[in-house]
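Thank you for coming, everyone.

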Amino acid sequence: MVTINIDGRDIQAKEGSTVFEVARSRGILIPALCNHEAVKPYGACRLCMVEITTKDGRSRLVTSCLYPVEEGLKVNTKSEKVLSVRRGVIELLLSRCPQVREIQELARSLGVTKPPFKARNKDEDCILCGLCVRVCAEVVGANAISLANRGTKKEAAPPFHETAEACIGCLSCAFVCPTGAIKAEDEKGYRVIPRWGVKLKLKRCKACGYHFAPERQLEYMIEKENLPSDSFDHCPACRAKMGQ
Amino acid sequence: MDKQVKAILKKYDNRKEFLISILQDVQAIHHYLPREALQQISDALGIPMSRIYSVATFFKAFSLEPRGKHLINVCVGTACHVRGSVKVLESIEREIGIKPGETDSGLKFSLDAVNCLGCCALGPVMVVDGAYHGKLSTAKAVEILKACD
Amino acid sequence: MGRLKSPGELATLRQAILAKRDPNRPCITVCSGTGCSAYGSEKVFATFEAALSPLKGKIDLRRTGCHGFCERGTMVVIYPDEVCYVQVQPEDVPAIVASVRNGKILERLLYVDPVTGKKITLEPEIPFYRNQQRLIFGNNRRIDPQSIEDYIALGGYDALAKALNGMTPEQIVGEIKKSNLRGRGGAGFPTGTKWETVRNAPGEPKYVIVNCDEGDPGAYMDRSLMEGNPHSVLEGLVIGAYAIGSHEGFIYIRNEYPLAVENVGIALRQAEEYGLLGENILGSGFNLKVVINRGGGAFVCGESTALMASLEGQVGEPRAKYIHTAVSGLWEKPSCLNNVETFANVPLIITNGADWYRGIGTERSKGTKIFSLVGKVNNTGLVEVPMGTTLREIIYNIGGGIREGKRFKAVQTGGPSGGMIPEQHLDLPIDFDELTRVGSMMGSGGMIVMDESTCMVDIARYFISFLEEESCGKCVPCREGLLHMREILDDICEGRGKPGDIEVMMRLSATMKDAALCALGQTAPNPVLSSIHYFKDEYEAHINEKRCPAKVCKALITYSIIDEKCPGCGICVKNCPQEAIESQGKKKPAVIHSENCVRCGICYDVCRLDAIEVE
């Protein structure tokens, strides 16, 4: 355990944890968009930047999601510099995605109401946080999508910008997306995820006939966890009723 | 199953860390990265296609589209820029009708703008099919292209 | 050739090599660097080969690495006197061969000093060379880069022998620390400290990496070293690996340097063959395996963490360096990454000692530095000078001043991370800290000279566009910041600048400097900030008056015919791609129709009577 100081508060922190984790566990709010506890930190959005002073007296700005705690570390989560940088970053995000509600709200909370620059595409809803890609790789293991191209042309995309053949339709990506940019529709026995060019057949419950999950997803889970092949013949509700 | 790709994979012992070198060797043979070759590489190296696509689109050395018969690299490095490479590039664009990164519809020319060929004394410089042409003027550049069959 | 098993065997081999060479026998050397290749040096060499085959044993022929005087290629130097012929063509070969046989000098191919008008016979006396101190680069002209024996003959690999035989790794680290050698790749971090950190970091294996991703446009020093004297870098690499305790090395060469890849590949094979690489080097028991890895065409891969990601087969996205790569780098193992030129300095320090090295340079920047002096300067080429040499000495005494008699305006150093340095700082001694003090930086050594016809706003736009293309796109400040910065600069250069644009760019710059993930984004604002600082008047002219003082920005200039000078010859009319020039008949001046003119400048280029003006 080490002792660090966040905004004047002395806090005991487990070695190996990050400033962000420690702050969050103590209810200290640091904004972040590309962070999720299910995946490794990425450091792309830069909103979680804080001002630190190390034991030797050096001060600088770092991303709290990646900075490891150390004995005697002093953290300031809302200094002038930190707020100025946060505002600068959210201005850029708001300029990129002016219509996205979550960005508008975060911007307002930081005192930014108007985007200073014109958006290249005013309907843009992806902030390139990479959470969809990272969850698909680190948690699901399907690796169906990736961040393609580089620089200003970077985008989350299926291979060849066509179909994510390896997608199992679990929608973990949509679940973690901070801006709701990944949309999916279940209709007529199929799950369609337009962003990844995916159309997957849904499994029909043998008992009630409800289309409850993509067949591909269920097959994937059966194979991955070595389950009996009839594990998902029924929907969760019916399984519960059957006492499974 | 592309035998040449197989040979390349063997050369690098199917090692994941040589993905970029493998892609370069494939690009050198086929002048682009055919989808089948990428699938073969994905299977052999155990790297998901999404990641190979990410790498192939990140690096400028790779093209997923077939390239033209003649490869033109115009240097737009700072020294050449200062000596007027912009005008040379524009005259080439006008002559062939494509922009850097593109290939003409007849697959005759592919044009790329590159940063510094290391011949700054000869600026503006362009390389056509591996041959260097320096001290270019707009007229000289067009002349060289017209001479390509 | 058996593998050398001791320093003694290396010394014996050297004697044997020298014994076979007659230092008095004439040797014709032809520069085969990429620059001279572009001038056709390969053909010159082939012509010499044919001409000299009946004279085998009487006159030697050798290809050499880049001499650095790229303005005057193809360079041919005749040993032992070092008679230097410039701009040699294949047609000159018979005359040169004859002159060597007769012991005469071929006057017409000698270098002519543009200032004095005098012809200079010997290479070292040419002012371009005389004013340099070519400790690292000098051997390029004396060896065939594809011959390890040439390198050994000059004393090569003696430093390695000394290190492996008489010094402990800790002593080597200590000597490099004492020398104050600072990284030559751009950041200038103390090399000895880096080596010490890697040496002491827990974890195996340790990796040693040469960074030859040289991405700054206009900089090609590393390329010439790797093409022209790869063993000098390799020797430093092996010494470094031994010092830090690494047995696995990588040489990362950018894809766009095929000759470097080839020559380094040959050097690695030869070093293995001679027992100077691989298992049991020089019988010391130290093993080192080295492979070449090529870049994929990404400037950002010059950044250490992006380079390592690329080595792992991933996209070249940098990561935070709160834990240094020296401790956790390639595959999260301790990794030592150094620039090509940094490694090339190592054998010199080991051979001559840290005290000798500290005698060169300034208080905080020791040794020499190789610069690529390019742009609007007369003598373009690679220049090696001690730290502390002034910009004026480099640009004027070595560079020969500004081309076409124009006025110096600024010199850009440090590539896209650096800044513009104006006339008032010409007497600045070159040094890591001095350059930073005036708003630029050393960077890898690119030195781009600009004159009155260079528009500083256009140059800022050029660098921002370059970085926009090269940004990896991972972090918001760099990706979005560069996009908007470039849009504003486009607006300014195209006549759409608005009051307040400068302030907006300053604010964007602050966000990028403070919040970007890596040095690409953090230093990206530098060209903009330094040009605003020193050349604000140019920005204001563009924004407020819609005028480009340097007459470069297309939207703000017009091409017109100077009536008095135009005889109506019609050349411009014929060549105009937009058919925007109208002939008024013979003996009458032509007319340029501005509405159709795209400012391509072709008319200006083709007119032989200076009858076109730009304003």
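How many salt bridges are counted between chain B and chain A? There is one, where a salt bridge is a side-chain nitrogen of Lys or Arg within 4 Å of a carboxyl oxygen of Asp or Glu. That salt bridge joins B:Arg35 to A:Glu162, with the closest N and O atoms 2.8 Å apart.

Before going on, a word on how to read all this. This is a predicted model, in which local features need pLDDT of at least 70 and side-chain atom pairs count only at pLDDT 80 or more, while totals for chains, interfaces and linings use all residues. Residues are numbered from 1 along each chain as its sequence is written, chains are lettered from A and ligands numbered from 1 in the order in which they are written, and side-chain values use heavy atoms, with hydrogens and water left out.

Let me stay with chain B and chain A for a moment. Here 13 residues of chain B are in contact with 13 residues of chain A, contact meaning heavy atoms within 4.5 Å. The area buried between chain B and chain A is about 1100 Å², with 58% of it given by carbon and sulfur atoms; buried area is the accessible area, taken with a 1.4 Å probe, that two parts lose on being put together, summed over both.

On the side of chain B that touches chain A, the elements giving two or more residues are α3 (35-45) and α4 of chain B, and α4(B) has the largest share, with seven residues. Helices here are DSSP runs of H or I with at least four residues, and strands are runs of E with at least two, numbered from the N terminus.

Now let us turn to chain B and chain C. This contact takes 38 residues from chain B and 59 residues from chain C, and the area buried between the two is about 3900 Å², of which carbon and sulfur atoms give 56%. B:Phe58, B:Thr78 and B:Val82 supply 15% of what chain B buries against chain C, more than any other three residues.

Two salt bridges are counted between chain B and chain C, and in one between these chains C:Arg294 pairs with B:Asp25, the closest N and O atoms being 2.8 Å apart. Among the elements of chain B, α2 (19-30), α4 (49-58), α5 (78-82) and α6 (85-96) each supply at least two residues of the side that touches chain C, and α2(B) gives the most, with five residues.

What, then, lies in the interior? The largest nonpolar core has 127 residues, of which A:Trp196, B:Ile41 and C:Tyr539 touch the most other members. Such a core is a set of buried Ala, Val, Leu, Ile, Met, Phe, Trp, Tyr and Cys residues joined through side-chain atoms within 4.5 Å, and buried means under 20% relative accessible area, exposed over 50%, and partly exposed in between, with a 1.4 Å probe and protein chains only. Helix α19 (residues 476-493) of chain C gives the most to this core, with eight residues. Leaving aside neighbours within four places in sequence, C:Tyr539 is in contact with several residues, including C:Leu489 and C:Ile492.

To finish, I would like to set two single residues side by side. C:Ile209, in strand β7 (residues 207-212) of chain C, is buried, with a relative accessible area of 0%. Its C-alpha atom is separated by 5.6 Å from that of C:Gly249, 40 residues apart along the chain. A:Glu138, in helix α4 (residues 131-140) of chain A, counts as partly exposed, because its relative accessibility is 36%. A polar atom of the A:Glu138 side chain lies 2.9 Å from the backbone nitrogen of A:Lys40.

Note on methods:
Polar contact = N/O pair within 3.5 Å; in protein donor to acceptor, adjacent residues only side chain to side chain.
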